[in-house]
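Subject: Structure handover

Hello,

Here is the structure I said I would pass on. My notes on it follow below.

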Amino acid sequence: MLRLLVLAVLVLCGHCSVQYIEDVEDNSRVVGGSNAAPNAWPWQVSLQYQSGSHWYHTCGGVLILANRVLTTAQCVDRDVNFRVVLGEHNLRVNEGTEQIIAVSNITKHDSFNSKSVASGNDIAILSLAESASLNSYVQLAALPADGDVLANNHECTITGWGRIRTCGFLPSILQQAPLPIVDYSTCSTSSYWGSSAKTRTVCAGGNGIQAGCKGDFGGPLNCDVDGGYQVHGLASYLAFQGCNTAVFTRVSSHIPWINSNV
């Protein structure tokens, strides 16, 4: 069973109806974010599932090889058909840049616990039925080195098509919002996320203004490192207060696992 929401206060959002909003004037998005420029994040993936004859966005992901996508295990923890859409910007418009590829195999971390997403190891690799064509709209994500940990307040950005607030609208245009790193010593205190913080996760944001939400899970925390972006986190769960605090799977803690499964 897909468990996008891990804390009781968030369960109600699972019953919200799916609604889309035209992204022109409203500034309250990703939670507190803004429209991304077209294909500004070319490794961003829309993970979609099939229901009847229709496909629906459910999670984010990142392209790490031409035929491999990294996402969270919770996003693929159910028996449905999945596909990825690369080069996507507006989910409701065919802009001619999209590449739609079926998912042929799913490898979830052996230690992932679907009943306790916050326990860690919320990561999965999707094998694609065919390789993507790399171009200016579709590119590979850069991953950090094994064990890399960014300093407190390091500049990062969350991207995704998740709800603009707890039980809010799903935007059609890819959203982005700044989420600076919160180091573990701070994040693990009672005034932040306490025991929900793990050394194999990344905390970011926490100002109650910008954050991820349902639909952003599996998507990247893009961090500026030496003038380029590395994906240091995958949106994993929300802590305590709905869509204003996000915790990410720490990619650098899973580099050996990634390398052994691609």
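Cys187 and Cys203 are joined by a disulfide, with an S to S distance of 1.8 Å. Please keep in mind that this is a predicted model. The link of Cys187 and Cys203 is left-handed, at -70 degrees about the S-S bond. It ties together distant parts of the chain, since Cys187 sits in helix 1 (residues 184-187) and Cys203 in strand 13 (residues 201-204), 16 residues apart. Cys187 and Cys203 are both buried.

A search of the whole structure gives three disulfides. Another one joins Cys156 to Cys223, with S to S at 2.1 Å. That link is right-handed, with 105 degrees about the S-S bond. Here too distant parts of the chain are linked: Cys156 belongs to strand 9 (residues 156-160) and Cys223 to strand 14 (residues 220-225), 67 residues apart. Cys156 and Cys223 are buried.

The remaining disulfide is between Cys59 and Cys75, S to S 2.1 Å. The link of Cys59 and Cys75 is left-handed, at -85 degrees about the S-S bond. Cys59 is in strand 4, while Cys75 is in the loop between strand 5 (68-71) and strand 6; the two are 16 residues apart. Both cysteines, Cys59 and Cys75, are buried.

Strand 4 also takes part in a hairpin. Strand 3 (residues 44-51) pairs with strand 4 in the antiparallel sense over eight bridges, and Val45 has Gly61 of strand 4 as its bridge partner. Two residues lie between the strands of this hairpin, and Gly52 in the turn has a positive phi of about 65 degrees. Strand 3 is also joined to strand 6 (residues 82-86) by four bridges, again antiparallel. In that pairing, Leu47 stands opposite Val84 of strand 6.

Leu65 is in strand 4, which covers residues 54-65. Together with Leu134, Leu140 and Val262, Leu65 makes a nonpolar surface patch of about 300 Å². Why can Leu65 be called partly exposed? Because its relative accessible area is 32%, and partly exposed covers the range between under 20% (buried) and over 50% (exposed).

For the chain overall, there are two helices and 16 strands. Of its 262 residues, 54% are buried. The protein chain exposes about 10900 Å², with carbon and sulfur atoms supplying 47% of that area. Among contacts between residues at least 6 apart in sequence, 70% join residues at least 24 apart.

Regards

Definitions and conventions:
Residues numbered from 1 in each chain as written. Predicted model: local features only at pLDDT ≥ 70, side-chain atom pairs only at ≥ 80, totals over all residues. Heavy atoms only, no water. Patch = residues over 30% accessible without salt bridge, like charges linked within 9 Å, V, L, I, M, F, W, Y side chains within 5 Å. Areas by Shrake-Rupley, 256 points an atom, 1.4 Å probe, with all protein chains shown as cover. Salt bridge = Lys/Arg side-chain N within 4 Å of Asp/Glu carboxyl O. Buried < 20%, exposed > 50% of the residue type's maximum accessible area, 1.4 Å probe, protein only. Contact = heavy atoms within 4.5 Å. Pairing = 2+ DSSP bridges. Disulfide = S-S within 2.5 Å.
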